[in-house]
Each structure stands twice: as structure tokens, then as C-alpha cells.
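Subject: Structure handover and notes

Dear colleague,

I am handing over the structure that we spoke about, and I would be grateful if you could look through it alongside the notes in this message. Please find the sequence and the coordinates here.

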Amino acid sequence: MTTLLVASSGGHLKELHHLHRRLAGVDGPFRWVTFDTPQSRSLLAGETVEFVPFVGGRDPLNVARNFAPAHGALRGGEVDTLVSTGSAVALPFFGLARARRIRCHYIESAARIDAPSLTGRLIGRVPGVNRYSQYQGWRRQGWSFGGSVFDSFVPGPDRPPRGALAKVLVTLGTYRGYPFTRLVRRLLEILPPEAEVLWQTGDTDVSGFDIAGHEAIPERELSEAMVEADAVVAHAGVGTALAAFEVGKCPLLVPRRFSLGEHVDDHQPQIAAELDERGLAVSVDADELSFDDLLAVAARSVASPAQAPAFATSGERLGAAPRSRSENSS
């Protein structure tokens with residue numbers, strides 16, 4: 001039998017890729033469903049993947065377009081388990097999977113610290129789906145704590161202090177429709193002119209600046225660039241943070257602000273603060289960013305424990321059969 005792994009590209013996909021072999025009671029073979037991007041092709045090279053139409057934020061038309069691919073992926077009885085970290089692309093898969101009595105697990109993104117996303121709330125209306133938060137502070141009906149994707153990392157040893165920065169990597173993520181011009185403008189004010197800077201700019205138009213921006217950089221190339229960089233500066237996206245942690249970098253996370261039209265809500269300030277508190281990143285608002293902040297992250301590192309903890313719930317293996325409504329309400 002097969003486990004189907006469904007996620008949007010970007011941070012949702014990065015989380016699921018990092019978590020899928022830590023899921024207690026869930027085994028391969030695995031098949032993936034996501035969007036066709038340079039990141040997803042690079043990250044999932046060698047895996048069995050089905051690419052489906054892109055679904056943006058609050059995008060019901062494209063959610064509906066994915067019912068046909070979901071039906072095709074689930075028919076035939078091969079899939080016995082469905083796991084997703086979101087977002088809306090997963091909705092038709094959960095509805096059809098539960099109609100076929102397929103075991104379903106929805107892991108809310110680590111970006112959602114105190115409440116489920118819109119997708120998480122909608123998934124909660126599908127009977128029989130096991131739902132998991134990555135934060136113990138949640139006290140919401142029907143949700144269990146399963147652990148966190150960030151539990152695989154701890155603060156590493158300090159690096160020798162640097163007086164100069166030769167290479168800097170800047171990544172603004174690839175989420176569509178939300179530019180982050182404010183960060184670009186501030187960085188150009190503080191970056192030393194002699195520094196070699198690689199810019200992944202996503203949907204931010206940098207044609208008015210004297211820089212060479214790359215809309216999207218494949219996963220492996222981005223990781224290699226992070227290894228070589230003295231400092232990594234990024235929007236506070238979960239996927240970007242994980243990519244930095246995996247190569248031992250402590251990133252400088254600059255959260256997008258909803259009030260300034262930089263994202264759909266204010267989850268990025270929350271996630272930046274969480275990772276700063278864990279000692280895995282440094283969080284600074286774009287308007288307050290300084291050269292000293294770049295030097296600070298250049299002197300820090302992130303490490304991985306010898307063995308990452310399994311993702312599970314309190315006394316319940318993730319692969320267990322879905323609980324009844326009465327059990328979920330207790």
C-alpha cells in the first residue's frame with residue numbers, strides 16, 4: 001500500500017519533506033502531490049510525484065480544479081494513508097479520501113502558532129481526519145500535539161567573529177502576489193558594496209534596483225549557496241528557515257507584515273519570534289535591520305541532534321485509526 005503526501009510548494013512542501021520519515025506508524029512507499037516549481041522538482045528529484053494546478057490563497061476556483069487530479073490519485077485502492085501539511089490544495093484530497101475510508105492525517109503548518117489556518121478549519125469539517133498541531137499551547141477541540149518540525153534542530157557552536165562579509169544570500173520566498181520591496185530597499189542601504197549577494201526575489205519586482213534578482217532558485221542550488229554564504233537573510237517563511245537549518249546556518253529572519261500588504265496575515269512575526277526564542281534564528285523588522293545584525297548571524301550556527309524525535313501524538317501513533325467524534329471531543 002502507498003502513503004500519499006500532499007502539500008503546496010514552498011514552506012508546506014519543505015515541512016512535509018522534512019517530517020514524512022519521522023511519522024510514527026506511517027510507512028512508504030510514498031507518492032507526492034504538489035505544484036510544479038523549480039523548488040519542488042529539485043527537492044523531490046527521484047521521488048514519484050504528480051504535479052497539480054496551482055492554488056493560491058483564498059482561491060476556490062483552483063481548489064475545485066484539483067478534484068479531478070485528486071480522484072485520479074486516489075482511485076484504484078492503492079493509497080491507504082493520506083498526509084498533508086497544507087494548504088488549500090489538500091482540501092479535495094481529504095474529502096475524496098475520507099469518502100473512500102482512507103486514513104487521513106492533517107498536520108498544521110509550523111507557521112500557525114496559536115490557531116489553525118483557514119485550510120485547517122475547513123479540514124476540521126471533514127469527518128474522521130486526524131489533526132495535529134506543532135505547538136503544545138493549543139487547546140482546541142479535535143487537535144492533538146504531535147511534535148514540531150523544528151525539534152530536529154538545536155543552537156550550534158558560535159563561529160569566529162567576522163569583521164566583513166564576503167557573501168550574502170537573500171531570499172524573499174516564492175509566495176505569489178505579495179512583494180517584499182521594503183526588505184530589498186533596507187538591505188541595499190546596509191549591505192557593504194564589496195559583498196557578493198545572491199538574491200532570490202520571488203514575486204518582488206526589483207527592476208528598479210541595481211541588482212540581479214532570481215525569481216526562483218532550485219532547492220539544491222539554494223542550499224549550496226547557503227553553505228557558501230557568510231550570512232543568510234530571509235523572510236520569515238518556514239521553508240526558508242528549514243533550508244538554512246539543514247546546512248547549519250542561523251538565518252536573519254525579517255517578517256513580512258500584513259498591515260503593509262506583504263502577506264495574507266501576520267503569522268510571519270510569530271514564527272520569527274518563535275525561532276528567535278529557540279535560538280535558531282535572529283528576528284529583526286526590516287525597518288530596524290542593521291549591518292550588526294548580519295554580523296550576529298554570521299557568528300552563529302545551527303546543529304541537528306543525533307536522532308530526530310518521531311512525530312507522534314500523546315499516546316497515539318499517527319498511523320492509528322481515526323478517533324470518533326466523541327473521542328475527539330473529550
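What follows is a description of the fold, the cores, the salt bridges and the cysteines.

Please keep in mind that this is a predicted model, in which local features need pLDDT of at least 70 and side-chain atom pairs count only at pLDDT 80 or more, whereas totals for chains, interfaces and linings use all residues. Residues are numbered from 1 along each chain as its sequence is written, and side-chain values use heavy atoms, with hydrogens and water left out.

Overall fold

The chain contains 12 helices and 15 strands, where helices (H or I, at least four residues) and strands (E, at least two) are DSSP runs numbered from the N terminus. Its radius of gyration is 20 Å, which agrees with the value near 20 Å for a compact globule of 330 residues; the radius is taken over C-alpha atoms, and the globule rule is 2.2 Å times the number of residues to the power 0.38. The C-alpha trace spans about 60 × 40 × 40 Å along its principal axes. If contact means heavy atoms within 4.5 Å, then 68% of the contacts with a separation of 6 or more are between residues 24 or more positions apart.

Of the 330 residues in the chain, 55% are buried, with buried meaning under 20% relative accessible area, exposed over 50%, and partly exposed in between (1.4 Å probe, protein chains only). The chain exposes about 14,300 Å², of which carbon and sulfur atoms supply 49%; accessible areas come from the Shrake-Rupley method with a 1.4 Å probe, and for residues only the protein chains shown count as cover.

Nonpolar cores

In soluble globular proteins, nonpolar side chains tend to be buried together. A nonpolar core is taken here as a set of buried Ala, Val, Leu, Ile, Met, Phe, Trp, Tyr and Cys residues joined through side-chain atoms within 4.5 Å. The largest such core has 89 residues, and those with the most contacts inside it are Leu4, Leu82, Phe150, Leu187, Phe245 and Leu275. Helix H5 gives the most to this core, with 5 residues. Leucine 275 touches Phe150, Ala241, Phe245, Leu253, Leu280 and Ala281, leaving aside residues up to four places away in sequence. A second, separate core of 9 residues includes Leu222, Ala225, Ala229 and Val232.

Helix H5 (residues 91-99) is largely enclosed by the rest of the structure, because 7 of its 9 residues are buried. The buried residues in H5 are Leu91, Pro92, Phe93, Phe94, Leu96, Ala97 and Arg98. Arginine 101, which follows H5, has a positive phi, near 60 degrees.

Salt bridges

A salt bridge is defined as a side-chain nitrogen of Lys or Arg within 4 Å of a carboxyl oxygen of Asp or Glu, and by this rule the count comes to 13.

The side chains of glutamate 246 and lysine 14 form one of these bridges, at 2.8 Å from N to O. Glutamate 246 lies in helix H9 (residues 238-246) and lysine 14 in helix H1 (residues 11-19), so this pair ties together parts that are 232 residues apart in sequence. Lysine 14 is buried at 3% relative accessibility, whereas glutamate 246 is partly exposed at 37%.

Arginine 31 and glutamate 78 meet in another bridge, at 3.5 Å from N to O. This pair links distant parts of the chain, 47 residues apart, with arginine 31 in strand E2 (residues 30-34) and glutamate 78 in the loop between helix H4 (67-74) and strand E4 (79-86). Arginine 31 counts as buried at 17% relative accessibility, while glutamate 78 is partly exposed at 40%. Leaving aside residues up to four places away in sequence, arginine 31 touches Thr2, Thr3, Leu4, Leu5, Thr48, Ala73, Glu78 and Val79.

A further bridge joins arginine 182 and glutamate 262, at 2.7 Å from N to O. Arginine 182 is in helix H7 (residues 181-190) and glutamate 262 in the loop between strand E13 (252-254) and helix H10 (267-277), 80 residues apart. Both arginine 182 and glutamate 262 are buried, and a network of salt bridges links Arg182, Arg257, Glu262, Asp285 and Asp287.

Cysteines

The structure holds 0 disulfides, a disulfide being a pair of cysteine sulfur atoms within 2.5 Å. Cysteine 104 is buried, with a relative accessible area of 0%, and cysteine 250 is buried as well, at 2%.

With best regards
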